[in-house]
Amino acid sequence: VTFLGENSEGYVQPWRAPTNWLCSGYTLEDLRMGSMTIDQLFDTLEAEASALTWVLRCVGLLLLWVGFCIVAHPLGVAADCVPCIGPWLGNQID
């Protein structure tokens, strides 16, 4: 078993960033099955964080697209009211 944390009087506790750091109060702990070196452990944590970051970016982009579509739909309906070019303009917005 590989555990990342702080050894305090024989007990392993989450490591807490000091108050003079920018991430003060941030805790770090991890438990993995098997034996790993510290470099392997941090490489694995970095890869997992990177994958999560890309998933959140994709979800955010999808939510932005849906939001823009919701905002633009009433503009398409309003453009249909313009004489002569209204239907064409409404189709371009939709």
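Beyond its neighbours within four places in sequence, Thr2 is in contact with Asp30, Leu31, Arg32, Gly34, Ser35, Met36 and Leu41. The model is predicted. Thr2 belongs to strand S1, which covers residues 2–4. The relative accessible area of Thr2 is 10%, and the residue is therefore classed as buried, the limit being under 20%. A polar atom of the Thr2 side chain lies 3.1 Å from the backbone nitrogen of Met36.

Arg32, one of the residues in contact with Thr2, is located in strand S6 (residues 30–32). Arg32 has a relative accessible area of 16% and is likewise buried. With neighbours within four places in sequence left aside, the contacts of Arg32 comprise Val1, Thr2, Leu41, Thr44, Leu45 and Glu48. For Glu48, a polar contact joins its side chain to that of Arg32, at 2.8 Å.

The structure holds 1 aromatic pair. This pair is formed by Trp15 and Trp21, with 5.5 Å from centre to centre and 55° between the planes, and is tilted. An angle over 60 degrees would have counted as edge-to-face, and one under 30 degrees as stacked. Trp15 is partly exposed, with a relative accessibility of 27%. Trp21, with a relative accessible area of 44%, is also partly exposed, because this class lies between the limits of 20% and 50%.

A further tryptophan, Trp54, has Arg57 over its face, at 4.6 Å from the ring centre.

Notes. Residues numbered from 1 in each chain as written. Predicted model: local features only at pLDDT ≥ 70, side-chain atom pairs only at ≥ 80, totals over all residues. Heavy atoms only, no water. Helix = DSSP H or I, 4+ residues; strand = E, 2+ residues; numbered from the N terminus. Buried < 20%, exposed > 50% of the residue type's maximum accessible area, 1.4 Å probe, protein only. Polar contact = N/O pair within 3.5 Å; in protein donor to acceptor, adjacent residues only side chain to side chain. Contact = heavy atoms within 4.5 Å. Phe/Tyr/Trp six-rings, centres within 6.5 Å; stacked < 30°, edge-to-face > 60°. Lys NZ or Arg CZ within 6 Å of the ring centre and 35° of its normal.
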